[in-house]
Amino acid sequence: MGMVIGIDVGGSTTKIVGLKKDQLFSPVWVKANDPVASIYGAFGKFINLNGLALDDIEQVMVTGVGASYINQPLYGISTRKIDEFRAIGKGGLFLSGLHRAIIVSMGTGTAYVMADLNEVKHIGGTGVGGGTLLGLSNKMLNIRHFHDLIAMAEGGNLAHIDLLIGDITQDQIVGLPPETTASNFGKISDLATKADTALGIINLVFQTIGMLAVFATRIYGVSDVVLTGNLTNVPQAGEIFTMLHQLYQVRFHTPVHAEFATATGAALASKCK
């Protein structure tokens, strides 16, 4: 049996993985504005990095917003399109090793999927995501690049940005420690630095994503959330999800190669006719 290639064609990046005998091979990504160019670029990069020939590839599985541009087999290899939400669910479970969980795909926006071994169901989404991070940082900080925002946020202090429970009451509220956010950007100070603002933007986005995931676990009676997508690489996110875990006893998982979960799920779907 040859290798199956999974390709996730996003709005700004295309990700590709190889799958053979349930083993993940050489996840790579390319950045391109044109979806067709990015698909062929990712495919060529993957083939070259792994020293493969076209005959080594059994099937190509394509998903994501740019998959609609593929209307013929890639290089004559059998090529199928896979529903993106199905790929998110299958990939999230596979990478995490879980049998049932809410899978959160954090990209330009954020999608939520309820997945178990029998069913994958898209349950909704939010426009808050990576696009929000870059849009707000551009307008508020004149920062246009993802890694510059992350670097600027180092050393930031949310006490200069967010209104906390401890700011509005001296009483102890069960389940809500004083450091819990009452209002994002609700106490922005004239003394706030660029680092404070950058951290406030990151906190706003990930608290929103995380709280919607918590609500989903309540609705579907699960305790596990698998985080996937490009935003899993934001280092400040870990502390935010840890806080949400402590508040709501929801387990947040970020598996290895989390940013390639959708491409992985596409490859896995080759087993299903």
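The legends below describe close-up views of a predicted model.

Residues are numbered from 1 along each chain as its sequence is written, and side-chain values use heavy atoms, with hydrogens and water left out.

**View 1. The largest nonpolar core and the contacts of Phe206.** A nonpolar core is a set of buried Ala, Val, Leu, Ile, Met, Phe, Trp, Tyr and Cys residues joined through side-chain atoms within 4.5 Å; buried denotes a relative accessible area under 20%, exposed over 50%, and partly exposed in between (1.4 Å probe, protein chains only). The largest such core holds 33 residues, of which Val104, Phe206 and Phe252 touch the most other members. At least two residues of this core come from each of β6 (100-106), β7 (110-116), α3 (130-141), α4 (146-153), α6, β11 and α7 (237-248). Helix α6 supplies the largest share, 11 residues. Helices (H or I, at least four residues) and strands (E, at least two) are DSSP runs, numbered from the N terminus. Beyond its neighbours within four places in sequence, Phe206 is in contact (heavy atoms within 4.5 Å) with Met106, Leu133, Leu231, Val234, Ala237, Ile240, Phe241 and Leu244. Another core, of 19 residues, lies apart from the largest one and includes Val9, Val28, Phe43 and Leu74. In soluble globular proteins, nonpolar side chains tend to be buried together.

**View 2. Packing of α4 against α6.** The two helices α4 and α6 pack at an angle of about 115 degrees, and their axes are 7 Å apart. Axes are lines fitted to C-alpha atoms, for helices over the stretch in contact, and angles run from 0 to 180 degrees between N-to-C directions. The crossing of α4 past α6 is left-handed, a term that applies if the near helix is turned anticlockwise from the far one by less than a right angle, with clockwise giving right-handed. On the α4 side, Leu149, Met152 and Ala153 meet Lys194, Ala195, Ala198, Leu199 and Ile202 of α6. The residues of this contact comprise 7 nonpolar, no polar and 1 charged; Ala, Val, Leu, Ile, Met, Phe, Trp, Tyr, Cys and Pro count as nonpolar, Asp, Glu, Lys and Arg as charged, and the others, Gly among them, as polar.

View 3. Ile202 is buried, with a relative accessible area of 1%. Leaving aside neighbours within four places in sequence, Ile202 is in contact with Leu133, Leu149, Ala153, Val234, Gln236 and Ile240. The C-alpha atoms of Ile202 and Gly129 are separated by 9.7 Å, the two residues being 73 residues apart along the chain.

**View 4. Two salt bridges.** A salt bridge is a side-chain nitrogen of Lys or Arg within 4 Å of a carboxyl oxygen of Asp or Glu. In one, Asp167 pairs with Lys187, with the closest N and O atoms 3.2 Å apart. This pair links distant parts of the chain, 20 residues apart: Asp167 belongs to helix α5 (residues 165-168), and Lys187 to the loop between β10 (181-183) and α6 (194-220). Asp167 is partly exposed at 38% relative accessibility, and Lys187 is partly exposed at 30%. In the other, Arg251 pairs with Asp224, with the closest N and O atoms 2.8 Å apart. Arg251 is partly exposed at 41% relative accessibility, whereas Asp224 is buried at 11%.

**View 5. Thr262 and Leu268 in helix α8.** Helix α8 spans residues 261-268. Thr262 is buried at 6% relative accessibility, and Leu268 is buried at 8%. Not counting residues up to four places away in sequence, Thr262 touches Asp8, Thr63, Glu84, Ala87, Ile88 and Ser105. With neighbours within four places left aside, Leu268 is in contact with Leu19, Asp22, Lys90, Gly91 and Phe94. The C-alpha atoms of Leu268 and Phe252, 16 residues apart along the chain, are separated by 23 Å.

**View 6. Positive phi at Lys21 and Asn142.** Most residues other than glycine have a negative phi. Lys21 has a positive phi near 55 degrees and lies in the loop between β2 (13-20) and β3 (23-31). Lys21 is exposed, with a relative accessible area of 72%. Asn142, also not a glycine, has a positive phi of about 60 degrees and is placed in the loop between α3 and α4.

Conventions. Predicted model: local features only at pLDDT ≥ 70, side-chain atom pairs only at ≥ 80, totals over all residues.
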